[in-house]
Amino acid sequence: MGQYSLDVGRNNFNQEVLERSKTVPVVVDFWAEWCGPCRVLKPILEKLAEEYQGKFILAKVNADHNQELAAQFGVRGIPSVKAVVNGRVVDEFSGALPEAAVREFLERVIPSPAEELRLKAADMRAAGDAAGALQTLAEASKLDMANEDVRMDAADILLDLGQTEEAARLLDSLKPATRAGSRAQQLLARLTFARASAAGHDEQSLRERIAAAPDDMTTRLELANLLIAAGRHAEGMDELLEMIRRDRNWNDEAARKTMLSVFNLLGGGPLVSEYRRKLASALN
């Protein structure tokens, strides 16, 4: 057995496949001793595991001895090959493919050099090194200028740093189809709130103005934008709801439209569900 391939069963599957896939792609080969195509495919996978030198790990599962695992992973025929990354199946195939086709499969699964740098940048950002993460993403972009995930990662960090116009430049460079995606829409919404709050007043002065003139919708909207840009989403949405209760049609329903932008920003979750219900109630 090679250095980069191993036999796996139910006793070590979680550790050797699910946990290990958080650091390196794991290719799981479900096979059986009686299966002729398995005897063709298995040597190809073992050869490529050694050739790729740890860029993926080959986990070989005897489907007859591990029927629960095979059922859990939806194996209907063998050989059945599943690529696992971060604990979930990201690609798969069935049957004995020729070596060239197996290589194509692996290239889809194994991170490119640019993608490896992108993952490194994510770790640096999580550790608090925003400047280092941006530099690493710049290196990734040089390797793969078409990688729009790299640009979105950089825009996200730039927004953290308050560099809104540089973030806007990166987001403007995305293809229309990418801009329409959920992640780009979240970043664009975040950019909108950052811009809206950048040139405004401080929170205390805004609250003082609202206390003196509760129907001052312009000031309430400015406060909502400031709170949302600061990550205080519930407080910001409460201000928007108050605007809707006072004058839902103000400035072409600006409060309602801003609330929808917050939903885009957050992407989903319990807070969005809660405030969708509150918005519906305020509008009825």
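The model is predicted, so local features need pLDDT of at least 70 and side-chain atom pairs count only at pLDDT 80 or more, while totals for chains, interfaces and linings use all residues. Residues are numbered from 1 along each chain as its sequence is written, and side-chain values use heavy atoms, with hydrogens and water left out.

**Helix 5**

- Helix 5 takes in residues 113–126, 14 residues in total, and reaches 20 Å from first to last C-alpha, close to the 20 Å expected at 1.5 Å a residue (that is, 1.5 Å times one less than the number of residues).
- Helices here are DSSP runs of H or I with at least four residues, strands are runs of E with at least two, and both are numbered from the N terminus.
- Its buried residues are Ala114, Leu117, Arg118, Ala121 and Met124 (buried is under 20% relative accessible area, exposed over 50%, partly exposed in between, with a 1.4 Å probe and protein chains only).
- These residues sit on the same side of helix 5 because they cover an arc of only 115° around the axis, taken from the directions from the helix axis to the C-beta atoms.
- They pack against helix 6 (130–143), helix 7 (148–160) and helix 10 (182–198).
- Asp123 and Ala126 are exposed, on the face turned away from the buried side.
- Just past helix 5, Gly128 has a positive phi of about 95°.

**Glu92**

- You'll find Glu92 in strand 5 (residues 88–94), and it counts as partly exposed because its relative accessibility is 42%.
- Beyond its neighbours within four places in sequence, Glu92 is in contact with Val81, Lys82 and Phe105 (heavy atoms within 4.5 Å).
- The side chains of Glu92 and Lys82 make a polar contact at 2.6 Å (N or O atoms within 3.5 Å; within protein, one must be able to donate a hydrogen and the other to accept it, and residues adjacent in sequence count only if both atoms are side-chain atoms).
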